[in-house]
Amino acid sequence: MPRIIFMNDRLVPEAEARVSVFDHGLLYGDGVFEGLRSYAGKVFRLDAHLDRLWASARAICLEIPLSKAAVAQAVNDTLAANKLSDGYVRLVVTRGAGSLGLDPNRTRNPQVIVIADTISLYPREYYEQGLAIVTAATQRVQSAALSPRIKSLNYLNNILAKLEGLRAGCVEALMLNHKGEVAECTGDNVFVVRSGSLLTPPPDAGILEGITRNAVMELARGEGIDCREATLTRHDLYTADECFLTGTAAEVIPVVDIDGRTIGPGTPGPITQRLTTAFHALVRA
Ligand code: PMP
């Protein structure tokens, strides 16, 4: 069924949702985005996603031409127009059309686009049995070059690592920063459990500070689980009791094999399972 798309100020049929070939979002990946989830008609942590979108835009000197309230309304309207109560929303803001040069000052009309679709979940067995992942040779881009905290339309760094994962038969790949520390996966944050404590890399390890990550950290603290940000190496992952990934699309997904090393007993661990249950309850609350 053709979808209804929000473009700037109104809902239009998919076939009419078009951007200029001169849009710097297309020409240079100059723009920002968010991926959100709606559960039973309610968008999970909409405000946090809007805050992150605005922070990303601010970091690249892009002024979003709508208010946060208007974008929130657009997200809800797009879901409703597509009759989706459980769905995935992609929110995109491009720099707008300009000259063929890089200069963002010579662009006009940033495009605000909201796409709502059904969510294609990973198969159930991935959640029941856990994922095998590999470390990508492609490093996470250095913060001093382009901060991974900006959710920009420039995702080639992640895509190159994703290709490495796929070639190794894995749906996710682990990315290290230029110091060799664990950063995150190509589209998910990473956690380990060690001696009952939950550990995840800090934002300055070169990660996108995930909304799901932050929700899981809150849930862990609520469950009385010691939870901290910590610099992690691959050794810490290989020798962890449990490992899991978090992301808007994946939610909480166990990892049982990294680079051919079995993690813990090779099955999803008890803390992973507790947090998965707590997360499911939270999104439906
Ligand atoms: N890291 C990267 C690089 C991502 O693209 C994503 C998904 N947006 C995440 C982590 C997870 O973030 P969130 O929980 O906000 O979806």
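## Gly-87

A residue counts as buried when its relative accessible area is under 20%. In this predicted model, Gly-87 has a relative accessible area of 0%, so Gly-87 is buried. Gly-87 belongs to strand 5, which covers residues 87–94.

Gly-87 can also be placed relative to Tyr-28. In sequence, 59 residues separate Gly-87 and Tyr-28, and from C-alpha to C-alpha the two are 29 Å apart in space.

## The ligand and its pocket

The ligand takes up the space of the largest pocket. Around the ligand there are 17 residues, and those that come nearest are Lys-151, Tyr-155, Glu-184, Thr-212 and Thr-248.

By class, this shell around the ligand holds nine polar residues, five charged residues and three nonpolar ones. Among the elements that contribute to the shell are helix 6 (211–222) and strand 15 (242–247), each supplying at least two residues.

## Polar side-chain atoms at the ligand

Which atom of the ligand lies 2.7 Å from a polar side-chain atom of Lys-151? The atom is a nitrogen of the ligand.

On its own, the ligand has 390 Å² of accessible area, and the protein covers 95% of it.

Definitions and conventions: Residues numbered from 1 in each chain as written. Predicted model: local features only at pLDDT ≥ 70, side-chain atom pairs only at ≥ 80, totals over all residues. Heavy atoms only, no water. Near = heavy atom within 4 Å. Polar contact = N/O pair within 3.5 Å; in protein donor to acceptor, adjacent residues only side chain to side chain. Areas by Shrake-Rupley, 256 points an atom, 1.4 Å probe, with all protein chains shown as cover. 1 Å grid on protein atoms, 1.4 Å probe; cavity = no way out; pocket = protein on both sides within 12 Å on 5 of 7 lines; lining within 4 Å. Sits in = over half its atoms within 2 Å of the grid points. Helix = DSSP H or I, 4+ residues; strand = E, 2+ residues; numbered from the N terminus. Nonpolar A, V, L, I, M, F, W, Y, C, P; charged D, E, K, R; others polar. Buried < 20%, exposed > 50% of the residue type's maximum accessible area, 1.4 Å probe, protein only.
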